[in-house]
Amino acid sequence: MTKLVFCADDFTGASDTLATLARAGLSARLYLNAPVMSEHKDEVGHGSSSLDAFGVATSLRAMGVEDGVATIGELADQLAKAKCGIYHFKICSTFDSGPQTGNIAAVADRYAQSVGATWKAIIGGQPSLRRFCFMGNLFAGVGAGQIHRIDRHPVMAHHPVTPMNEADLPRHLAGQGWPNVGLIDFTIIRQGRVALIAEIKRRIANGETETLFDATDENDLLTIGEALQDIAKSTTILCVGASSVAQALFPSFTPASDGVAKASRRAGPVFAFAGSRSPLTAEQVVSAQNYVKYRVSPSDLLDPVALKQLQTECLDVLHSGKNLLVSLSDDRNHTIVSHDLAQASACFIAEISRSVALGFLLIAGGDTSSLAVQALGIDSLSYVADFDAGAPVIRAHASNGSLDGLPMLLKGGQMGKPALFDNITNLPATAK
């Protein structure tokens with residue numbers, strides 16, 4: 001029986017949830033489209049009838065409200081056939097979203113409608129990635145450095161598409177269509193499982209439809225997860241949150257390793273693309289020594305002549321067996337819409353990846369990763385190994401022979417050690 005069904009609003013977070021479930025011992029797979037499901041059996045198509053959990057990765061985070069609601073509607077109508085007690089809308093741990101772009105409330109409402117969930121449990125933050133929700137306010141670290149309130153975070157407060165200008169999550173979500181989000185703070189959670197279950201049932205009986213839970217440490221998550229599993233025996237739940245939802249529901253008692261001993265790359269060059277503008281990704285690009293590097297102006301990706309020249313030069317590098325790192329220059333004077341730039345980047349990545357036998361594909365940037373994987377035309381993704389915090393190695397499954405089995409790493413801008421790019425090239429190479 002399927003224990004969890006999730007839909008992710010981007011691919012970087014989706015791969016982290018996939019890794020979290022696998023780490024807890026569940027058989028799990030991540031699809032690009034809703035898998036075919038039987039109306040009469042606990043059965044998932046694509047030869048995956050024995051899965052404990054599965055998810056679908058999307059680019060909802062970058063969509064407007066109408067497109068987002070339409071997209072989740074089609075998916076959720078299919079996912080509802082799994083008849084699961086707990087569904088998960090996987091969002092970014094920084095909750096970056098807005099009323100017009102990546103609207104969490106509008107999408108979650110449509111998701112809940114399809115799966116028959118009258119109550120939504122919102123898990124704030126993800127302590128394992130240094131994202132904390134305390135008294136309803138969200139805080140996030142910058143790499144391994146200082147922790148900031150999210151509206152004062154040096155990166156997320158200035159996100160180019162969905163800047164976080166409100167740390168109070170109930171107020172943030174009120175602006176997206178949920179005016180009455182209740183809060184179960186850490187003082188209630190730390191009274192224990194029995195007290196928390198009683199409080200949740202009281203809230204539901206009083207008509208509360210959206211409840212935010214503080215998440216300050218792993219113990220909070222354990223208590224929340226135990227309570228939600230109990231509530232799910234009688235009530236279908238839609239959980240909204242990051243991979244912390246999977247951590248709460250299915251705790252792993254084996255600490256995540258750095259994955260170097262398990263991860264590998266195929267014989268062939270590494271192709272890396274950095275579309276994120278975060279300072280950490282910029283540091284990772286500068287630190288990379290094992291690549292031929294190309295710094296590309298955003299406008300070049302939309303100029304057919306410049307793009308063709310770039311593709312030719314990049315393929316020459318890869319065909320010669322050298323690793324290639326392409327990064328977007330920090331040119332903010334262009335007038336290109338962010339989604340259009342991410343789409344152009346995705347098409348470029350897909351064209352290169354289909355034209356040469358790669359040993360490994362690495363993409364930095366949430367929206368870019370989501371659109372690029374969709375453009376590649378693969379069917380699904382499976383977990384390979386932990387590699388860096390929030391950035392596991394995954395494997396592509398596709399009918400295209402050159403893409404089938406391709407190891408990949410999709411990372412958000414804030415994820416990974418400074419040496420991540422070179423650490424990938426240092427993985428042992430195996431036969432295709």
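Which residue is the bridge partner of Ala140 in β8? The views below get to that, starting with the sheet. This is a predicted model, where local features need pLDDT of at least 70, side-chain atom pairs count only at pLDDT 80 or more, and totals for chains, interfaces and linings use all residues. Residues are numbered from 1 along each chain as its sequence is written, and side-chain values use heavy atoms, with hydrogens and water left out.

**View 1. A three-stranded open sheet, in the order β6-β7-β8.** The pairing here is antiparallel; strands are DSSP runs of E, at least two residues long, and helices are runs of H or I, at least four, both numbered from the N terminus. Two strands pair if DSSP finds at least two bridges between them. β7 (residues 137-141) and β8 pair over three bridges, and it's His148 in β8 that partners Ala140. β6 (131-134) and β8 (147-149) each have a single partner strand, so one side of each is left without a neighbour in the sheet.

View 2. His153 is buried, with a relative accessible area of 1% (buried means under 20%, exposed over 50%, partly exposed in between, using a 1.4 Å probe and protein chains only). A polar atom of the His153 side chain lies 3.3 Å from the backbone oxygen of Gly141, and one lies 3.1 Å from the backbone nitrogen of Val155. Leaving aside neighbours within four places in sequence, His153 is in contact (heavy atoms within 4.5 Å) with residues including Ala140, His148 and Gln414.

**View 3. Thr216, in the loop between β10 (210-213) and α7 (218-231).** Thr216 is buried too, at 18% relative accessible area. Its side chain makes polar contacts (N or O atoms within 3.5 Å; within protein, one able to donate a hydrogen and the other to accept it, with residues adjacent in sequence counting only if both atoms are side-chain atoms). One, of 2.5 Å, goes to the side chain of Arg190, and another, also 2.5 Å, to the side chain of Asp220.

**View 4. The largest nonpolar core, with 77 residues.** Such a core is a set of buried Ala, Val, Leu, Ile, Met, Phe, Trp, Tyr and Cys residues joined through side-chain atoms within 4.5 Å. Among the residues with the most contacts inside this core are Leu228, Leu301 and Phe348. Helix α11 (residues 338-354) gives the largest share, eight residues. A second, separate core of 43 residues includes Val5 and Ile122.
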